[in-house]
Structure formats: structure tokens, C-alpha cells
Amino acid sequence: KMSLTKAGNIFNELLFRLAGARYKDFVRLILVWENVVGSLLAQKAKIYKVDEKVVFVKVENNIWLQELILLKSEIKQKLKRQSGVKIKEIVFFIKNN
């Protein structure tokens, strides 16, 4: 029988293959996002795009925006370490519905 780890690895491998080289960093960051910020913040803020090593994160409202700004350097460090992606900057913005 297949273990959960193997199934997860197969899923990730497929995901990277489908994403291609252009979206590789985006996929890596999304895969570690919840682990980096925690489940509550991950529900309130989502990675929107990655462009020129800048990570754009859309946030639900001002309250969560402030929280993320306070945690920005910690989030940046953890994202780099856990994803292996080089990040120049993180930009948080409030999403429009």
C-alpha cells in the first residue's frame, strides 16, 4: 500500500510539473504558506503572485494587514528557509471583493 508521504510527494511532483519553471517559486511558497503564518492567518491572507522575487499577499482587511506588517521580517525569513525561494520583498495589500 502507498504511504501518505509518497502520495504527497507524487502530488507535489505533479504540481511542479504542471506549474512549469515560470510558476515554480509561486508553488513552493504556497505549499509552505500555512506552515509559516499559521492556519488563522493563512485563511485571512493568501499569496497572490510572485514577481521579480517580490511576494504579493492579498489580505482580508486592515486588522490582518497590520498583524502581517508586524510579522513581516519573521514571515520573510521563514518563507525563505522553508521554501528555498529567494525573496527580495513582501508586499501586503487589501483585496477587493
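Lys-44 comes out as partly exposed, with a relative accessible area of 22% (buried is under 20%, exposed is over 50%, and partly exposed sits in between, using a 1.4 Å probe on protein chains only). Everything here comes from a predicted model, where local features need pLDDT of at least 70, side-chain atom pairs count only at pLDDT 80 or more, and totals for chains, interfaces and linings use all residues. Residues are numbered from 1 along each chain as its sequence is written, and side-chain values use heavy atoms, leaving out hydrogens and water.

**View 1. Lys-44 and Glu-60 form a salt bridge.** The closest N and O atoms of Lys-44 and Glu-60 are 3.5 Å apart (a salt bridge needs a side-chain nitrogen of Lys or Arg within 4 Å of a carboxyl oxygen of Asp or Glu). This pair links distant parts of the chain, 16 residues apart: Lys-44 belongs to helix α3 (residues 39-44), while Glu-60 sits in the loop between β2 (54-59) and α4. Helices (H or I, at least four residues) and strands (E, at least two) are DSSP runs, numbered from the N terminus. Glu-60 is partly exposed too, with a relative accessible area of 34%. Searching the whole structure turns up three salt bridges.

**View 2. Lys-72 pairs with Glu-89 in a salt bridge.** Their N to O distance is 2.7 Å. Because Lys-72 is in helix α4 and Glu-89 is in strand β3 (residues 89-94), the pair ties together parts that are 17 residues apart in sequence. Lys-72 is partly exposed at 26% relative accessibility, and Glu-89 is partly exposed at 32%. Lys-72 is also where α4 bends, by about 65° (the angle between axes fitted to the seven residues ending there and the seven starting there).

View 3. In general, an α-helix has 3.6 residues a turn, so residues three or four places apart point the same way. Lys-78 is partly exposed at 25% relative accessibility, and Glu-74 is partly exposed at 42%.

**View 4. Helix α4, end to end.** For its 22 residues, α4 has end C-alpha atoms only 27 Å apart, short of the 32 Å a straight helix would reach (expected span: 1.5 Å times one less than the number of residues). At the start, a side-chain oxygen of Asn-61 gets to within 3.1 Å of the backbone nitrogen of Ile-63. Among the buried residues of α4 are Trp-64, Leu-68 and Ile-75. The buried residues pack against α2 (24-37), α3, β1 (45-51), β2 and β3.

**View 5. Ser-83 in helix α4 (residues 62-83).** This serine is buried, with a relative accessible area of 11%. Its side chain reaches the backbone oxygen of Leu-79 at 2.5 Å, and a polar side-chain atom of Ser-83 lies 3.1 Å from the backbone nitrogen of Val-85. Apart from neighbours within four places in sequence, Ser-83 is in contact with Arg-28, Leu-29 and Val-32 (contact means heavy atoms within 4.5 Å). Gly-84 follows α4 and has a positive phi, near 75°.

**View 6. Val-91 in strand β3.** Val-91 is partly exposed at 31% relative accessibility. Not counting residues up to four places away in sequence, Val-91 touches Val-54, Val-55, Phe-56 and Val-57.

Methods: A polar contact is a pair of N or O atoms within 3.5 Å; within protein, one must be able to donate a hydrogen and the other to accept it, and residues adjacent in sequence count only if both atoms are side-chain atoms.
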